[in-house]
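Dear colleague,

I am passing on to you the structure we talked about, with the sequence and coordinates below. Please look through it first, and then read on for what was found in it.

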Amino acid sequence: MTRKMLFLVGAILLLASPIFAQTPAGGGGGTDLRLPFAFLAMGIASGLCGLGQGKATASAAEAMARNPGASAGIRFALILGLVLIESLALYTFVITYVAKT
Amino acid sequence: MEHEPEFWLTRLFNDYLGAPLASFLNSIGHPAANPNRPWENWIVIEILVVAIIMVLFAFLRSRLSVDKPGKLQMTFEAVYSFVSGQAHDAVDHGANKYVPFFGALFIFILFMNLIGIIPGFESPTMTPAVPLGLAVSVFLYYHWMGFRAQGFGKYLLHFAGPMPFLAPLMVPIELISHLARPLSLTIRLFANMFAGEKVTVTFLSLTFIAVPAVFMGLHVFVAFLQAFIFTLLAMIYVAGAVAHEH
């Protein structure tokens with residue numbers, strides 16, 4: 001079922017291929033498209049970051065419920081994990097500003 | 001980035017100390033972007049933060065007392081025990097040698113992050129140069145500590161991995177991961193502070209009442225967290241460099 005879904009999504013994305021036929025508006029190859037792609041990249045990065053952080057928080061909450069005595073260590077691991085995952089989305093944010101130049 | 005109006009202290013520095021800095025920068029081969037106003041906001045506010053920290057600690061030093069500790073002393077004892085406890089958790093033995101560096105790093109980054117919340121001031125960590133300088137200093141520090149703890153040759157042999165025949169695979173991987181560390185430290189701190197400001201400004205332009213204050217509150221929390229994470233990662237890198245396999 002998921003493989004069929006993935007194939008369907010891939011096929012639909014290929015429907016967008018006429019975008020490569022448009023004449024570049026900026027007078028160079030693809031200079032017009034850097035910003036929209038950067039925005040798309042930011043959206044994907046934020047979405048995946050949200051998934052990752054949700055999984056981390058869910059595991060941490062479950063672990064704290066099972067073992068309330070270890071809350072301090074689990075909370076520490078949770079914060080550390082959340083910050084490191086957040087930083088991955090922020091790298092993409094920085095690229096948006098690089099693409100703006 | 002857009003040209004922001006000059007911070008009042010920067011204007012003072014530029015008016016009176018502009019020429020010495022411009023000639024200094026010329027002499028080291030990196031002339032200032034605008035030679036008439038070489039001082040930038042971030043360096044001036046960094047100097048201000050250092051001055052504030054020095055005054056604060058000098059005041060604290062004069063108020064230290066064993067029998068009747070005041071509130072300031074108890075606050076900084078809590079900060080010290082926090083940093084020292086983390087260092088002892090991260091580095092197995094000999095953590096006391098590194099606590100001064102970690103403590104200075106934590107307090108400096110924390111004050112720099114928090115000063116941006118005061119209206120009219122901007123965080124020096126919002127410019128990419130400042131987190132880069134901090135990350136490079138951490139990089140040099142942990143390698144130097146590794147050399148000191150294990151000797152020059154033995155520390156470099158670490159990069160070859162656990163077994164000699166793995167060396168051609170391990171050396172590029174270790175090299176890239178070690179080079180990625182200052183990069184990630186820089187971008188993490190810079191992007192968090194920069195994004196915090198941008199988000200507050202964006203919401204300020206959308207809704208003027210109450211909502212930007214929520215984002216500023218989040219920014220305070222993120223400021224503490226980012227200072228802590230930077231210091232924690234520095235501790236982990238030092239621990240990795242200094243670790244002896246027993």
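Read along its sequence, chain B of this predicted model follows the pattern α-α-α-α-α-α-α-α, and it accordingly counts eight helices and zero strands. Taken along the principal axes, the C-alpha atoms of chain B fill a box of roughly 60 × 55 × 40 Å. Of the 246 residues in chain B, 28% are buried, and among the contacts in the chain with a separation of 6 or more, 62% are accounted for by residues 24 or more positions apart.

Helix α5(B), residues 129-150, packs against α8(B) at an angle of about 25 degrees, and the two axes are 8 Å apart. Because angles under 35 degrees count as roughly parallel, α5(B) and α8(B) are described as roughly parallel to each other, and α5(B) passes α8(B) in a right-handed crossing. On the side of α5(B), the contact is made by B:Val138, B:Tyr142, B:His143, B:Met145, B:Gly146 and B:Ala149, while α8(B) contributes B:Ala234, B:Tyr237, B:Val238, B:Ala241 and B:Val242. The residues of this contact divide into nine nonpolar, two polar and no charged.

Although B:Ala210 is not a glycine, it has a positive phi of about 70 degrees. Is B:Ala210 buried or exposed? With 8 other C-beta atoms within 10 Å, B:Ala210 is exposed, because a residue with 12 or fewer such neighbours counts as exposed.

Turning to chain A, helix α3(A) covers residues 71-99, which makes 29 residues, and reaches 42 Å from its first C-alpha to its last, close to the 42 Å expected at 1.5 Å a residue. Which residues of α3(A) are buried? They are A:Val83, A:Glu86, A:Ala89 and A:Leu90. What covers these buried residues includes α2 (34-66) of chain A, and, from chain B, α7 (167-206) and α8 (211-242).

That brings us to the meeting of the two chains, where seven residues of chain A are in contact with eight residues of chain B. On the side of chain A that touches chain B, the residues divide into six nonpolar, one polar and no charged.

With kind regards

Conventions. Residues are numbered from 1 along each chain as its sequence is written. Chains are lettered from A and ligands numbered from 1 in the order in which they are written. This is a predicted model: local features need pLDDT of at least 70, side-chain atom pairs count only at pLDDT 80 or more; totals for chains, interfaces and linings use all residues. Helices (H or I, at least four residues) and strands (E, at least two) are DSSP runs, numbered from the N terminus. The expected span of a helix is 1.5 Å times one less than its number of residues. A residue is buried if 20 or more other C-beta atoms lie within 10 Å of its own, exposed if 12 or fewer, and partly exposed in between; C-beta atoms are placed from the backbone. Ala, Val, Leu, Ile, Met, Phe, Trp, Tyr, Cys and Pro count as nonpolar, Asp, Glu, Lys and Arg as charged, and the others, Gly among them, as polar. Axes are lines fitted to C-alpha atoms, for helices over the stretch in contact, and angles run from 0 to 180 degrees between N-to-C directions. Angles under 35 degrees count as roughly parallel, over 145 as roughly antiparallel, 65 to 115 as roughly perpendicular and the rest as oblique. A crossing is left-handed if the near helix is turned anticlockwise from the far one by less than a right angle, and right-handed if clockwise.
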